[in-house]
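Here is a short note to read beside the structure. It takes the pockets first, then the strands, then some backbone details.

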Amino acid sequence: MHLALDQAKRGVGLTSPNPPVGSVIVNHGKIIGQGYHHKAGSPHAEIEALRDAQTYNPKLLPGSTIYVTLEPCCTQGRTGPCTEAIKAAGIKRVVWGALDPNPRHAGRAQEILTSAGISVSTGVLDAECREMIRPFSKWITTGLPYVIAKVGQSLDGRITRPPGEGQWITSESARSHGRRLRARVDAIIVGAGTIRADNPQLTLRDSKSTLKEQPYRVILSRSCNMPETSHVFTDEHKNRTWVLRDLAFLDALKELGQRGIVSVLIEGGADVLGQAFAAQAVDEIVWYIAPRISGSAGLSSIGGAPLASSVEIADVKVMPLGDNVCITGHPVWPKPQTQPAAVQP
């Protein structure tokens, strides 16, 4: 299953609105096939692994065990049900990690496979497999995109330096690391003030993936008063720029979820971040801290009205980036009384 997770990682950021999934097939202690889901509409991970085995180890395929990070699908979508392909291949044991959060599929594969005489084991490396599909799980069950909040700040919590100084607070290595987050998401969110002040490109120039499509650039604006010459309106990706006007942050998320956006990265500014935290809509933080004091002249990292209470961060990891530090984790929010309607893919 660790090897299947390694396969799944190869699809992160590429499969939306589907989740990244990996698969490995084993017989007599030998790996005879492996694969991952490359993009929506293409074969699922199980099919990729079966094809790999059929090409290089066809005689070993009958009676083998297939490991999958996510419960195999059992319904006809853009591709056929993986449970049928598994049965047809003569697989005798299926092992998966996470239960499919899609209510159309959840739990059905086990009944289908065991009825065909196939042994099933579930929940192997469950936590790791569920972590892999966090964005998909949120979107498919709530209709809202998974939200990553990225911040680069000084030691005293400022995201700008005093007037007359340079633009950057964090180091080049920290900024490059932050730009690579764009390869994980479907859309990047900024406020109109960020477009006016910084004229950012918001592109994938630091991504190692040549398969990743440019994420949509979503600008939240009240007035739509932005320079027409801004990069996001004039560059080669201008058709992937959306302006959402006069929408509260949660309403903007709902709009994006309905457009099939599974994950978003907030890149600024303080007002947008403040709205996101006030709405308790942030699922993951990536916080860069530089060894600098900006003083009261700088903008605070979280703008708008004060939060009603502090926010606990779980699953915290701390990573040095030269003399900068990156802190990641998941905000702990109270469970909502009601959930938005689930997506119907």
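**Notes on the pockets, strands and backbone**

1. The second largest pocket holds about 990 Å³ of space. Among its 34 lining residues, V12, E131, M132, R184 and E284 are the closest to the centre. A pocket here is an open set of points on a 1 Å grid over the protein atoms alone, where a 1.4 Å probe fits, with protein on both sides within 12 Å along at least five of seven lines; lining residues have an atom within 4 Å of a point. Grid points are joined across faces, edges and corners, and a volume is the space filled by probe spheres set on the points.

2. A word on the basis. This is a predicted model: local features need pLDDT of at least 70, side-chain atom pairs count only at pLDDT 80 or more, and totals for chains, interfaces and linings use all residues. Residues are numbered from 1 along each chain as its sequence is written, and side-chain values use heavy atoms, with hydrogens and water left out.

3. Where does the second largest pocket lie? It lies between domain 1 (1–136) and domain 2 (143–332), because both give residues to its lining. The domain bounds come from an automatic or database domain assignment. By class, this lining has 16 nonpolar, nine polar and nine charged residues. Ala, Val, Leu, Ile, Met, Phe, Trp, Tyr, Cys and Pro count as nonpolar, Asp, Glu, Lys and Arg as charged, and the others, Gly among them, as polar.

4. The largest pocket holds about 1,300 Å³. It is lined by 47 residues, and T194, D198, E267, G268 and G269 are the closest to its centre. Elements giving two or more residues to this lining include β7 (187–191), β8 (216–221), β10 (263–268) and α11 (270–278). α8 gives the most, with six residues. Helices (H or I, at least four residues) and strands (E, at least two) are DSSP runs, numbered from the N terminus. The lining of the largest pocket has 18 nonpolar, 16 polar and 13 charged residues.

5. β8 is largely enclosed by the rest of the structure, because five of its six residues are buried (under 20% relative accessible area, with a 1.4 Å probe and protein chains only; exposed is over 50%, partly exposed in between). β8 runs parallel to β7, joined by five bridges. It also runs parallel to β9 (residues 241–245), again with five bridges. G191 stands opposite L220 in β8, and V218 stands opposite W242 in β9.

6. Another sheet deserves a look. Five strands form an open sheet in the order β2-β1-β3-β4-β5, with mixed pairing. Two strands pair if DSSP finds at least two bridges between them. The edge strands, β2 (30–36) and β5 (119–121), each pair on one side only. Six bridges join β1 (residues 22–27) and β2 in the antiparallel sense, and V26 has I31 in β2 as its bridge partner.

7. Check the peptide bonds. Most residues other than glycine have a negative phi, and most peptide bonds are trans. G268 and G269 are joined by a cis peptide bond, with omega about -5°. G269 lies in the loop between β10 and α11. A cis bond also joins S16 and P17, with omega about 10°.

8. N199 sits in the loop between α8 and β8 and is partly exposed at 29% relative accessibility. Q280 lies in the loop between α11 and β11; it is partly exposed at 39%.
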